[in-house]
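Here's a quick tour of a few local spots worth a look.

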Amino acid sequence: MIPVARPFIGEEELEAVARVLRSGVLAHGPEVEEFEREFAEYVGVDYAVAVSSGTAALDLILRAYGVGPGDEVITTPFSFVATANAILHQGARPVFADIDPATYNLDPERVVELVTSRTRAIIAVHLYGHPADMRPLREIAEDHHLVLIEDAAQAHGALYAGRRTGSLGDAAAFSFYATKNMTTGEGGMVTTNDRRVAEKVRMHRDHGQAAKYLHVELGYNLRMTSIAAAIGRVQLRKLEWMNERRRENARTMTGILSRVEGVEPPVEMPWARHVYHQYVVRVTPEAPLGRDELAEELRRRGIGTAVHYPRAIPDQPLYRRLGIDCPRGCPEARRAAREVLSLPVHPGVTVDQARWIAETVEEVLREAGERRPRRWAGG
Ligand SMILES: Cc1ncc(COP(=O)(O)O)c(C=O)c1O
């Protein structure tokens, strides 16, 4: 079975972990500082602060900006739930704007409609590794004095108009969860050019310490371990290569799938470098098999798939219970939840396997089309 996601770990990561274990410095230490310095340089920002997860990164950014009760934060209804939960954790209210059906990212025209006097921030997610359209979002943020936050959990190394994701807003959150484009097992990073935000995040990840055992604010323990940082440093050196492998697999699959009726391969906007955290196709109503039936048939033939995500966030039981829906509706997010299917694209997939995966999708749909009773053509 070709899994839909798998971390790409080699001897160098094993050696890096052994080196840290032998050093005796397992928690916060020089490895973490070096990782922060290297990551900031890679992204092209002044500050990077390592934390324990992407969720922690989002929470700490919102907290650093003082987002809290009474505030509204506009974000996408089509993401991993952590994006919106970070807003709830601050006691603020997520306001969901619909997505652009081509990229699955926030549609700036839907965002501007939802700005009120209570809006404090926008969180744009670079879903699946394709950057959100940041320029119009930046204009909206400037016009209305809002904080613009990037959720770059799925977009390490993606480019927007030649600039790296993580350097496009006021602050950004990365995740290094096991299946991400680069991993530390669990881990996260905040990137920003704002010194005060970096200092706040640094303090709040570490019990509000300003100096050793001097606690000036209420914080948490959301630190990254040295072991995680050592793995991250090796993964960062491989990131460009791993992303190129993903892109090559994506090109191979798109070359085949663009001719298959009922399947829409992912797009890459002219201003974007997509890093294919996921390779996501739409299975449209024209397909002779439903999305879930196609997934089941692919599984039987040895191809793992996943649905990212089967529900829009406001359709999660938690959000239903809280009564938080899309104020102007979000038909595109809900349609995406019905139609998307992720195929394996990770660097462990060879180009031959990528070709085989796409050809198998084509074959399964062709066979289903042949089995389907022909519609009466009239006459
Ligand atoms: C878009 C998005 N935001 C936030 C997160 C949260 O990251 P983590 O799992 O590291 O807490 C994830 C990943 O899982 C994600 O995909």
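Start with Tyr104, which sits in the loop between β3 (93-96) and α5 (108-112); helices (H or I, at least four residues) and strands (E, at least two) are DSSP runs, numbered from the N terminus. Tyr104 isn't a glycine, yet its phi is positive, near 70 degrees. With 5% relative accessibility, Tyr104 counts as buried (buried means under 20% relative accessible area, exposed over 50%, partly exposed in between, with a 1.4 Å probe and protein chains only).

His145 is another non-glycine residue with positive phi, about 55 degrees. Its loop runs between α6 (134-144) and β5 (147-151), and at 71% relative accessibility His145 counts as exposed. There's also a cis peptide bond, from His308 to Tyr309, with omega near 20 degrees. Tyr309 lies in the loop between α9 and α10 (317-322).

## About the model

This is a predicted model, where local features need pLDDT of at least 70 and side-chain atom pairs count only at pLDDT 80 or more, while totals for chains, interfaces and linings use all residues. Residues are numbered from 1 along each chain as its sequence is written, and side-chain values use heavy atoms, leaving out hydrogens and water.

## A buried glycine

Gly68 belongs to the loop between α3 (54-64) and β2 (72-75), and at 9% relative accessibility it counts as buried. Which residues does Gly68 touch, leaving aside those up to four places away in sequence? They are Gln90, Gly91 and Ala92, where contact means heavy atoms within 4.5 Å. Gly68 and Ala92 are 24 residues apart in sequence, but their C-alpha atoms are 5.0 Å apart.

## A three-stranded sheet

β7, β6 and β13 make an open antiparallel sheet, in the order β7-β6-β13; two strands pair if DSSP finds at least two bridges between them. β7 (163-164) and β13 (272-273) are the edge strands, each with a single partner, so one side of each has no neighbour in the sheet.

Strand β6 (residues 159-160) is joined to β13 by two bridges.

## Where α9 meets α12

Helix α9 (residues 291-300) and helix α12 (residues 351-371) have axes that come within 10 Å and cross at roughly 120 degrees. Axes here are lines fitted to C-alpha atoms, for helices over the stretch in contact, with angles from 0 to 180 degrees between N-to-C directions.

On the α9 side, Leu294, Glu297 and Leu298 meet Thr360, Val361, Val364 and Leu365 of α12.
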